[in-house]
Amino acid sequence: MHPEIAAATRDPAVLSARSDAILAIRGLSVSYPVYGTEAVRAIRELDLSIARGEILGLVGESGSGKTTLARAIMGLLARPGRIDAGSVTFDGRDLRAMPEDALRAIRGKDIAMVIPNPRGELDPLVTVGRQIATVARAHLDIARDKSDELALEMLKAVQIPDPKRRFNAYPHELSGGMAQRVVMAMSLVCSPKFIISDDATSGLDVTVQAQILDLLRNLVRSHQTAMMFITRDIGITAHFCDRVAVIYAGEIVELAPTVRFFENPMHPYSVMLLAAFAHNPRLREKWHKPLASQIRAGTTGCPYAPRCVHVEDQCRGTRPALLELEPGHFVRCLVPVVRPT
Ligand SMILES: Nc1ncnc2c1ncn2[C@@H]1O[C@H](COP(=O)(O)OP(=O)(O)OP(=O)(O)O)[C@@H](O)[C@H]1O
Ligand SMILES: [Mg+2]
C-alpha cells in the first residue's frame, strides 16, 4: 500500500456526521435482483453527506448508479430495485423509517427533483402557471390567489420572458429551454431545502444549457438550498459545484472540494475522465455508453482494476477503502496518482 494511504486514517463517515449536513447517507447498498442471475449491485456501501447550501456534483458514466442513488434518497427506486442496507438522514430525520405519507409530504416540498425531458413532467392539458400554483397549494397552506401570485413570481425568477402571458401558456407552446425553466420553477416554488438535479440539462443545446445552469445556481445560492447535481459531464462541475464526487460502479471513488479535485485528481479513473474531456471527443462519446461490465454481488477487489492503467496485483484481490489523503479529499485507490509538490 502507498505510504500516504497508510497514513490516512480519517473515516469518511466523519464527513457524514457533520453537524451542518442537510443530507447524510451511511452505508447505503442498493441492488436490482434479476431473475435467474446474480443481482446487480448498483450502489455499494456508500457514505456521503451534503451540507446546507452546498452544491455537490455527482459525476459518473452511464450505468454507474447516479439515478439509482437519487431515487434511493427519494424513496422512489424503480422496480425491482431495493435498499439492502444503510440509512438516509434528511434534516435530522431517518427517511427510511418514515411512513409513505410522511415521505410524500417531504417530496416536492423539502426535497425536489429536476430531471430531463421537461415535457414529460408537465401536464399537456394544464397551463404552466396553474401547474406551478398547484404544486405550491399542495404543499403550502395558502389560498388560490396567493399560489397564483407565487407561481408568477417563480416564472419571473426563472426568467421566462413576458411571464404574465406565459402563465396561461400550455406546455406545447414553449421551447425546450423554456419548458425546462418551468420545471425548475415547479421544483423551487416551495423553497425546498434540498434539490436533486439528475442530468437535467443534457438534452438542451449548449448555450441554453449554460443559461439554465447559471440560473439554477443563482436560485439555489440565493435560497441557501443544497443540491446534488448529477451529470456525466465532468467539465460542468468545475464552474458549478462546491465539491465533486466521482462514482464508479456504485462506489464513490473520489470526493474533494472542486478546486482541489481539478488541481490534484488522485484516482486513476478521475484522471482518465479529465483527460478524456479535455482532449478527446471520441472518448467523451464512449463515456456516455452504459458500463459494459456490471458489478455482481460476489465481486472482490477494485471494480476499476480491469480498466485501470495503474493496476497492480493487490488491486485485484483487495477492495480499497475511501480514505482522506488531504483535508476533505477522499480517494478509493491502493495506488493513487501522487504528483510531486
Ligand atoms: N429498473 C432496473 N432494473 C434492473 N437494473 C437496473 C434498473 N435501473 C438501473 N439498473 C442497473 O443499475 C445500474 C445503475 O443504473 P443507473 O440508472 O442508476 O445509472 P446512471 O448512472 O443513472 O446512468 P445514466 O448516466 O445512463 O443515467 C446499472 O447497472 C443499471 O443497468
Ligand atoms: Mg441516470
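This is a predicted model: local features need pLDDT of at least 70, side-chain atom pairs count only at pLDDT 80 or more; totals for chains, interfaces and linings use all residues.
View 1. Of the 16 residues around the ligand, Ser-62, Gly-63, Lys-66, Thr-67 and Thr-68 come nearest. A residue is near when one of its heavy atoms lies within 4 Å of the molecule. Residues are numbered from 1 along each chain as its sequence is written, and chains are lettered from A and ligands numbered from 1 in the order in which they are written. Local features need pLDDT of at least 70, side-chain atom pairs count only at pLDDT 80 or more, totals for chains, interfaces and linings use all residues, and side-chain values use heavy atoms, with hydrogens and water left out.

View 2. Alone, ligand 1 exposes 640 Å², and the protein buries 72% of that. Areas come from the Shrake-Rupley method with a 1.4 Å probe; for residues, only the protein chains shown count as cover.

**View 3. Helix 3 gives the most residues to the ligand shell.** Its share is three residues. Strand 2 (40–51) and helix 3 (66–74) are the elements that give two or more. Helices (H or I, at least four residues) and strands (E, at least two) are DSSP runs, numbered from the N terminus. Seven of the nine residues of helix 3 are buried, meaning under 20% relative accessible area, with exposed over 50% and partly exposed in between (1.4 Å probe, protein chains only). Lys-66 and Thr-68 are among the buried ones. Gly-75 follows the helix with a positive phi, near 75°.

**View 4. The largest nonpolar core holds 41 residues.** Such a core is a set of buried Ala, Val, Leu, Ile, Met, Phe, Trp, Tyr and Cys residues joined through side-chain atoms within 4.5 Å. Ile-132, Val-182, Met-184, Met-227, Phe-229 and Phe-240 touch the most other members. Helix 9 (176–188) and strand 8 (226–231) are among the elements that give two or more residues. Helix 9 gives the most, with eight. A separate core has 34 residues, among them Leu-23, Ile-73, Leu-95 and Ile-252.

**View 5. Met-227 sits in strand 8.** Met-227 counts as buried because its relative accessibility is 0%. Its contacts (heavy atoms within 4.5 Å) include Ile-50, Phe-194, Leu-216 and Phe-240, leaving out residues up to four places away in sequence. Met-227 and Gly-57 are 170 residues apart in sequence, yet 8.3 Å apart C-alpha to C-alpha.

**View 6. Asn-264 lies in the loop between helix 12 (258–263) and helix 13 (268–279).** Asn-264 is buried, with a relative accessible area of 13%. Beyond neighbours within four places in sequence, Asn-264 is in contact with Glu-254, Glu-326, His-329 and Arg-339.
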